[in-house]
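Keep the 3D view open and turn it as you read.

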Amino acid sequence: GDCLHIRVGSEDYLIDGGGYRERNIGENTLLPYLLSNGADRVDTAFVTHLHDDHYKGIEELASVYDVNSLALCPAFRHVLATTVDEVNFVQKGVRYELDSDCAVVPIWPVKSPSGTVTSDTANEFNTVYIVYYRGTKTMVTGDLLEEDELDMLQYYSGTDVLRCDVFKVGHHGSKSSS
């Protein structure tokens, strides 16, 4: 699965949370990791999309640990089932200030779904995040597919939005992305 931990002062954030159908990643991996790193809660879990290998760990963690809120693409509004009380739907370009040194900005998708999002189409509404931290830009692409990568390149052509210091390759480095 896929997970990124961001620590800002005494606050802790995740981008995705991994997941595996045969193991409780939330309780057996994320919880011990967070506790050993002094975290007493997850302030916000930013989600790229709802496939198990990105989201299941967050749900499992939320059943045994304090996850204050979720943030994800509004395309998943009608298919989201969660134990987390607060759900925020991110919008492209809105800057989520974690503190004066760190921000998370969703930059993709730019379109709304024309139909119902299913497991087969979830990658098409995968949120891409840019994490700004002390002058370093990191792009987290989740399971963005090659077709959507090309669309994103065209959409941001002529800007420096996609220029990053760190690029986390899409779809775990599979042949369908990056």
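Begin with two helices. H1 and H2 are roughly perpendicular to each other, because an angle of 65 to 115 degrees counts as such and their axes cross at roughly 75°. Those axes come within 8 Å. Keep in mind throughout that this is a predicted model.

Which residues make the contact between H1 and H2? From H1 come Ile25, Gly26, Glu27, Leu30, Leu31 and Leu34. From H2 come Gly57, Ile58, Glu60 and Leu61. As background, an α-helix has 3.6 residues a turn, so residues three or four places apart point the same way.

Now look at H2 by itself. Eight of its eleven residues are buried, so H2 is largely enclosed by the rest of the structure. The buried ones are His54, Tyr55, Gly57, Ile58, Glu59, Glu60, Leu61 and Ala62. They pack against H1, and also against strand E2 (11-15), E3 and E4.

Step back to the whole chain. It has three helices and ten strands. Along the sequence they follow the pattern β-β-α-β-α-β-β-β-β-β-β-α-β. Of the 178 residues, 46% are buried. The accessible surface comes to about 9000 Å², and carbon and sulfur atoms hold 47% of this area. Among contacts with a separation of 6 or more, 61% join residues 24 or more positions apart.

The strands are next. An open sheet of five strands runs in the order E1-E2-E3-E4-E5, with mixed pairing. Strand E1 (4-8) and strand E5 (86-89) stand at its edges. Each has a single partner strand, so one side of each lacks a neighbour in the sheet. From one strand to the next, the twist averages 20°.

Follow E4 through this sheet. Strand E3 (residues 44-46) pairs with E4 in the parallel sense over two bridges. Phe46 has Ala71 in E4 as its bridge partner. E4 and E5 also run parallel, joined by four bridges. Here Ser69 stands opposite Glu86 in E5.

Where do the side chains of E4 point? Ser69 and Ala71 point one way, while Leu70 and Leu72 point the other way. All four of these residues are buried. In general, side chains of a regular strand alternate between the two faces of the sheet.

The largest nonpolar core has 24 residues, and Val42, Leu61 and Leu70 touch the most other members. Helix H1 (25-36), helix H2 (52-62) and strand E4 (69-72) are the elements that give two or more residues to this core. Leaving aside its neighbours within four places in sequence, Val42 is in contact with Asp12, Tyr13, Leu14, Leu34, Leu61, Tyr65, Asp66, Val67 and Asn68. A second, separate core has 13 residues, including Ile6, Val8, Cys102 and Val131.

Another open sheet of five strands has the order E6-E7-E8-E9-E10, also with mixed pairing. At its edges are strand E6 (96-99) and strand E10 (166-168). Each has a single partner strand, so one side of each is left without a neighbour in the sheet. The twist here averages 20° from one strand to the next.

Strand E7 (residues 102-108) and strand E8 (residues 128-133) pair in the antiparallel sense over six bridges. In this pair, Ala103 has Tyr132 in E8 as its bridge partner. Helix H3 (residues 146-155) packs on the sheet and touches E7, E8 and strand E9 (136-140). The direction of H3 makes about 105° with that of E7.

E6 and E7 run antiparallel, with three bridges between them. Asp99 stands opposite Cys102 in E7. A hairpin through two residues joins E6 to E7. Ser100 lies in the loop between these strands. Is Ser100 buried or exposed? Exposed means over 50% relative accessible area, and Ser100 has 74%, so it is exposed. The C-alpha atoms of Ser100 and Arg134 are separated by 8.9 Å, although the two residues are 34 apart along the chain.

Key:
Residues numbered from 1 in each chain as written. Predicted model: local features only at pLDDT ≥ 70, side-chain atom pairs only at ≥ 80, totals over all residues. Heavy atoms only, no water. Pairing = 2+ DSSP bridges. Axes fitted to C-alpha atoms, helices over the stretch in contact; angles between N-to-C directions. Contact = heavy atoms within 4.5 Å. Core = buried A, V, L, I, M, F, W, Y, C linked by side-chain atoms within 4.5 Å. Buried < 20%, exposed > 50% of the residue type's maximum accessible area, 1.4 Å probe, protein only. Areas by Shrake-Rupley, 256 points an atom, 1.4 Å probe, with all protein chains shown as cover. Parallel < 35°, antiparallel > 145°, perpendicular 65-115°, else oblique.
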